[in-house]
Every structure is written in C-alpha cells, then in structure tokens.
Amino acid sequence: MRKSGIMKAGEVPSRLTRARAAALSATGQLPPLKKVAEESQKHPLRANSKRAVSDDTYLPHKKRAILHDVTNVRCEKSNRSCLNPTETQAKKRKLNKPARPDVSKEVTSVAMELPQIIVDSKPVKLPEMRLRSSEDVTCSVKLEDNEPIRLSANHCATNNDLLLSQTSRVSARPSISQKKVSQTVAAEKVNTYELLGVSKHPDVADIDADFEDPQLCSLYAADIYDHMRVAELSRRPNPNLMETVQQDITPSMRGILVDWLVEVSDGYKLQANTLYLTVYLIDWFLSKNFIERQKLQLLGITCMLIASKYEEINAPHVEDFCFITDNTYTKGQVLQMESLVLKSTAYQLFAPTTKTFLRRFLRAAQASYKRPSIELEYLANYLAELTLMSYGFLNFLPSMIAASAVFLARWTLDQSNHPWNPTLEHYASYKASDLKAAVLALQDLQLNSNDCPLTSIRMKYTQDNLKCVATLSSPKLLETMF
C-alpha cells in the first residue's frame with residue numbers, strides 16, 4: 001500500500017477519476033499528466049509477471065471500451081464543462097454524417113400527442129415539422145403566419161412548451177368559423193337525442209337533457225327504465241295469492257300488517273325504498289308459500305330486516321325487530337324465517353317497485369312547471385303509499401300505480417288543466433284511457449270511501465314538513481278526461 005501523506009504541489013494521484021478530474025479542472029489545479037505517463041513507462045505491464053507488486057510499483061489499468069470518450073486532459077476553455085456528452089455526440093454525428101438527426105423521432109412523438117384542430121367540421125392534422133441536419137437546426141412549423149422557430153440542435157426536441165404555445169396560438173385565432181362549429185355541435189346533440197329515443201314532438205320536454213350531472217344517468221336513463229318495465233313483469237307477485245295460496249290469512253290481515261310496518265319504518269327513520277321493498281318481499285313470499293296467521297308478523301319483521309340490509313346504511317339489528325314485537329319471536333326464529341324468505345326469492349332481492357317509477361314520472365311532471373312543485377311530489381308519494389295497504393292494487397303494475405298517483409296528484413292541485421300531457425304520456429308509456437281504472441280506485445283511497453280504519457300513512461302525511469297533503473281532497477273525475 002502507498003504511504004499516506006500530503007501530496008506535494010503539482011503531484012498527481014496514481015488514479016484520477018472523472019469526478020476528481022472535473023473538480024480539479026473547475027479549480028484550475030489539474031496540471032499536465034506527464035509525470036504519470038513517465039512513471040507508467042518505467043514500469044511496463046508484464047503478461048506473466050510472477051513478482052508481487054511492491055508498494056512503489058504503479059500498474060495503470062487498461063482503458064475500457066465504454067470509457068473511450070472520457071479524458072483526463074484539462075479542457076482548454078475553463079468556462080465549458082469538459083464532460084459534455086452533447087458535444088461528443090454532435091462531433092460523432094459530423095463524422096458519421098447521418099441523413100437526419102435522431103431529434104426528429106422525439107419531435108414526431110410530440111406532434112402525435114397534440115390534439116387535432118377541427119376546422120369546418122373536418123379534422124386537420126397538426127403542424128408539420130421539418131428538421132435540417134446542421135449544428136443549428138431550424139424547426140419550420142407550418143403555422144398561419146409562417147414564422148419559423150429557430151432552435152439549437154440540443155433544444156429542438158426538448159422545447160415542447162414553445163411548440164405547444166405556437167399551436168395554441170393558432171387555435172385561438174378566429175380563422176375557424178364559429179357559426180359552423182356551433183351548427184356541428186347542434187347536429188351532434190340532435191343525433192344524441194335520436195340515439196336516446198327522445199321524441200321530436202314539440203310538446204314533449206326532454207327530461208334527460210342534463211348530461212353534465214352523472215347521478216341522473218342521462219345517457220342510460222331510457223334503457224334503464226326499459227329494463228325496469230321488463231323486470232316488473234317477470235318479478236311480479238301473484239295478484240290472486242289470497243284465493244289460490246293462502247287459506248289462514250285475509251286481505252285485511254295483510255293491510256293491518258303493512259299499516260304497522262309503516263309505523264315501524266317511521267320510528268326507525270327508514271327510507272321509503274325500504275318500506276316498498278318490505279311489502280314486495282311479503283307479497284312475493286305469500287305468493288309462493290303457505291303461512292299461518294301466527295307467523296304473519298314474523299314474516300313482516302323479517303322482510304323489513306332484509307330490506308333494511310339491502311337499502312339502509314345503518315340497518316336495525318335483529319334484536320331491535322324482536323324488541324318491537326315485545327319479544328314474541330326469538331332471534332333464532334327471525335333468522336330461520338330470513339333463510340326461508342331468501343330462498344323463496346332465489347337471493348334476487350332487486351325488484352322495481354312503485355317508488356322506482358314514481359321518481360321518473362315526477363321528473364316528467366315537473367317539466368311543465370316553471371318552478372318545481374313540492375306539494376306535487378309529497379302528494380304523489382302519499383297516494384302511492386296508500387296503495388301498499390290495499391290488496392286490490394296487486395292487480396296493477398307498479399308503473400301504472402306510479403302514473404296514476406301523478407295523474408291524481410296533478411288533478412288535486414290544479415283542475416284548470418288536463419293532468420296528463422304529452423310529456424307524461426311519452427315517458428310513462430300510458431295514455432289517459434289506460435289509467436282510468438287505477439286512477440278511480442286510487443281516488444277512492446284518497447277520499448277514504450270505504451272508511452278504512454288504517455291511519456298510519458294518513459297521520460304521517462298530515463305533518464307540516466310534508467305540507468299536510470293528506471288533508472287535500474280531489475273533485476270528481478270526469479269521464480271526458482279519459
């Protein structure tokens with residue numbers, strides 16, 4: 001090993017790395033390497049030298065091929081970096097004389113990423129770029145003002161910001177016809193409406209025109225509700241279940257159960273979807289299975305438990321439903337009934353209810369108002385919930401019940417205009433004559449013509465926060481309206 005000590009002035013270490021050479025060259029302390037060269041000549045390399053290397057012997061390493069461009073000679077100009085790979089590559093290009101520099105590949109890739117410009121409804125390619133094989137490359141960009149951008153060879157491929165600014169300056173100029181572009185956009189909207197199946201009738205309002213709100217699913221709303229129409233037929237409970245399947249329970253017992261479940265859902269602040277799904281699961285199970293009247297309440301709380309798990313964020317626990325029955329049923333009985341209900345539905349809990357279609361039809365009804373009517377929404381929901389207790393409304397499809405609720409609600413609030421308009425007819429797919437039987441039956445429920453003692457829904461909608469819509473009554477419907 002070499003003896004450690006302080007280097008004398010002008011002395012060069014045995015091996016000089018690139019980092020040390022750059023540091024010495026920056027400070028101006030790197031002398032010519034003559035002594036090192038003379039010392040290496042005194043001790044030439046021997047191929048089969050068996051003698052051990054002494055401390056005073058210096059054996060320089062061979063240069064590797066990958067380091068041919070690296071030099072330890074001090075640069076002539078101290079203000080330039082001696083290790084400049086760009087200069088080295090430029091000198092190589094001059095010697096080899098390539099047809100085009102490699103920068104063109106990068107510039108082409110930049111041009112492919114820029115968006116196209118639409119002029120008069122026709123796509124126009126991006127500005128073309130030419131490169132000249134010289135030290136100072138001129139990137140000629142075919143812009144409208146034909147101003148070439150002159151860049152150096154080292155910066156032509158990396159100056160993307162300048163190219164982007166020039167391209168944006170071209171797109172901002174008023175050379176593109178604004179009138180034709182607006183006509184193109186209008187034509188695209190018309191084509192979109194045709195694809196969505198929106199009627200061109202002037203009296204039909206487009207309730208799916210708000211494409212910016214993703215929650216409305218405007219692009220898919222028509223297809224979604226077409227699927228709902230098919231599902232309400234395939235997943236429909238038996239409208240004659242009391243006469244064909246059940247022998248121990250009556251329609252009035254079913255009404256009492258639903259009226260009690262309305263109070264339970266109101267006490268636990270459950271959503272309306274949960275209540276509708278609960279009644280649907282009860283009717284579906286009763287359509288497939290015989291049940292004794294002692295277990296009818298057990299079926300009710302079990303269906304509400306399942307619906308809460310499906311619809312609610314924080315569903316009540318099993319113990320809560322056992323508690324509201326005064327512990328008439330145990331937790332084990334509820335879980336056993338839950339298994340039976342799920343098997344009867346084949347674990348397919350989704351089904352379109354009246355509430356599903358009511359949202360859509362209310363949106364179509366509100367289109368004829370300058371301002372949304374809150375009373376219309378509350379009154380339609382009140383009339384729709386009244387049908388849950390009535391066994392006879394199983395004869396009507398959920399979509400027809402929803403349309404009838406909107407029809408009667410509009411008639412209750414305003415008798416000066418016909419409650420059914422082309423917009424409602426278009427989106428509900430029902431004419432006024434198709435709704436006659438359902439609307440008349442629903443009006444009997446509203447007026448309580450049969451003196452029904454079940455008052456949970458009526459008391460619910462007499463509250464001030466629901467605009468006391470249960471206290472409203474409608475005049476007699478005329479035959480000419482249908």
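A disulfide is a covalent bond between the sulfur atoms of two cysteines. Among the cysteines, C322 is buried at a relative accessible area of 5%, whereas C468 is partly exposed at 22%. Here buried means under 20% relative accessible area, exposed means over 50%, and partly exposed lies in between, with a 1.4 Å probe and protein chains only.

Residues are numbered from 1 along each chain as its sequence is written. Because the model is predicted, local features need pLDDT of at least 70 and side-chain atom pairs count only at pLDDT 80 or more, while totals for chains, interfaces and linings use all residues; side-chain values use heavy atoms, with hydrogens and water left out.

**Salt bridges**

Side chains of opposite charge can pair when their charged atoms come close. A salt bridge is counted when a side-chain nitrogen of Lys or Arg lies within 4 Å of a carboxyl oxygen of Asp or Glu.

| D208 | R360 | 2.9 Å |

The side chains of D208 and R360 meet in a salt bridge. This pair links distant parts of the chain, 152 residues apart: D208 is in the loop between α6 and α7, and R360 is in helix α14 (residues 354-366). Helices are DSSP runs of H or I with at least four residues, numbered from the N terminus. Both D208 and R360 are buried, D208 having a relative accessibility of 7%. The C-alpha atom of D208 is also separated by 8.6 Å from that of A222, 14 residues apart along the chain.

D283 belongs to helix α10 and R254 to helix α9 (residues 251-267), so the pair ties together parts that are 29 residues apart in sequence. D283 is buried at 3% relative accessibility, and R254 is buried with a relative accessible area of 3%.

E338 lies in helix α13 (residues 331-344) and K309 in helix α11 (residues 296-311), so parts 29 residues apart in sequence are tied together. E338 counts as buried at 11%, but K309 is partly exposed at 48%.

**The cavity**

A cavity is a set of points, on a 1 Å grid over the protein atoms alone, where a 1.4 Å probe fits but cannot get out; its lining residues have an atom within 4 Å of a point. One cavity of 30 Å³ or more is found in the whole structure. The largest cavity has a volume of about 310 Å³, a volume being the space filled by probe spheres set on the points. Its lining has 21 residues, and Y280, D283, T354, L394 and P398 lie nearest its centre. Helices α10 (272-288), α15 (374-389) and α16 (398-413) each supply at least two lining residues. The largest share, four residues, comes from α10.

**A surface patch**

F211, L219, Y220 and I224 form a nonpolar surface patch with about 370 Å² of accessible area together. Such a patch joins nonpolar side chains (Val, Leu, Ile, Met, Phe, Trp, Tyr) within 5 Å, from residues with over 30% relative accessible area and no salt bridge. Accessible areas come from the Shrake-Rupley method with a 1.4 Å probe; for residues, only the protein chains shown count as cover. I224 lies in helix α7 (residues 221-234) and is partly exposed at 33%.

How values were computed
Patch = residues over 30% accessible without salt bridge, like charges linked within 9 Å, V, L, I, M, F, W, Y side chains within 5 Å. 1 Å grid on protein atoms, 1.4 Å probe; cavity = no way out; pocket = protein on both sides within 12 Å on 5 of 7 lines; lining within 4 Å.
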